[in-house]
Amino acid sequence: MGTRSLTKVIERYTDKDGKTERETITCMYRQYDGYLSGHGLELAEWLQKYTIVNGLGLDEDRQVANGMTCLAAQMFVHFKEGPGNIYCYPPDSKDCGEEYLYEIENSNENLLITVYDTWNSKELFHGTPQELIEEVIGVEA
């Protein structure tokens with residue numbers, strides 16, 4: 001039996017009235033290794049390399065995503081290695097047997113990850129990818 005997880009990519013933006021809104025772009029279902037020291041660590045290590053930009057330059061020398069929709073597409077490219085395990089689910093998916101829910105969102109210039117234990121209905125972590133790595137490994141990475 002696997003440890004299932006959902007990973008949602010969320011776009012934060014300010015609407016015309018100045019109110020912060022959140023829109024879930026996509027949801028990735030992972031059949032196994034969804035726990036913090038598995039998927040959580042792998043996700044954080046992958047995300048810490050990225051900078052979110054608005055428009056691409058000609059000589060981009062860093063790992064970038066041109067907005068959160070670009071990051072969402074790159075996430076599937078990174079994690080999907082063949083048939084099974086990783087699936088693209090509708091953005092509003094829930095109650096899929098997942099033990100963990102990971103939410104990735106943009107906050108100014110930073111990416112933030114929030115991790116929930118869905119079986120016990122509690123938040124386990126909220127912070128940057130680097131902070132999640134440090135928490136999982138137990139040392140500064």
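Trainee: What share of the contacts with a separation of 6 or more joins residues 24 or more positions apart?
Mentor: In this predicted model, such residues account for 54% of the contacts in the chain with a separation of 6 or more.

Trainee: And which elements make up the chain, from the N terminus on?
Mentor: The order is β-β-α-β-β-α-β-β-β-β-α. In total there are three helices and eight strands. The radius of gyration is 15 Å, close to the 14 Å that the globule rule gives for 141 residues, so the chain is as compact as a globular protein of that length.

Trainee: What box do the C-alpha atoms fill?
Mentor: Along the principal axes, the box is roughly 45 × 35 × 35 Å.

Trainee: How much of the chain is buried?
Mentor: Buried residues are 42% of the 141 residues. As for the surface, the chain exposes about 8100 Å², and 45% of that area comes from carbon and sulfur atoms.

Trainee: Changing topic to charges: how many are positive and how many negative?
Mentor: The chain has 12 positive and 25 negative charges.

Trainee: Now helix α3. Which of its residues are buried?
Mentor: The helix spans residues 129–137, and Pro129, Leu132 and Ile133 are buried there. These residues cover an arc of only 100 degrees around the axis, which puts them on the same side of α3.

Trainee: What covers them?
Mentor: The cover includes helix α1 (36–47) together with strands β7 (110–117) and β8 (122–127).

Trainee: What follows α3?
Mentor: Gly138 does, and its phi is positive, near 90 degrees.

Trainee: Where is Asp33 found?
Mentor: Asp33 sits in the loop between β2 (20–30) and α1. Its relative accessibility is 28%, so Asp33 counts as partly exposed, a class that lies between under 20% for buried and over 50% for exposed.

Trainee: What about Ser121: what is its phi near?
Mentor: Ser121, also a residue other than glycine, has a positive phi near 50 degrees. Its place is in the loop between β7 and β8.

Trainee: Is Ser121 buried or exposed?
Mentor: Ser121 is exposed, because its relative accessible area is 68% and the cut-off for exposed is over 50%.

Definitions and conventions: Residues numbered from 1 in each chain as written. Predicted model: local features only at pLDDT ≥ 70, side-chain atom pairs only at ≥ 80, totals over all residues. Heavy atoms only, no water. Helix = DSSP H or I, 4+ residues; strand = E, 2+ residues; numbered from the N terminus. Rg over C-alpha atoms; globule rule 2.2 N^0.38 Å. Buried < 20%, exposed > 50% of the residue type's maximum accessible area, 1.4 Å probe, protein only. Contact = heavy atoms within 4.5 Å. Areas by Shrake-Rupley, 256 points an atom, 1.4 Å probe, with all protein chains shown as cover. Lys, Arg positive; Asp, Glu negative; His and termini not counted. Charge placed at Lys NZ, Arg CZ, Asp CG, Glu CD. Arc of directions from axis to C-beta.
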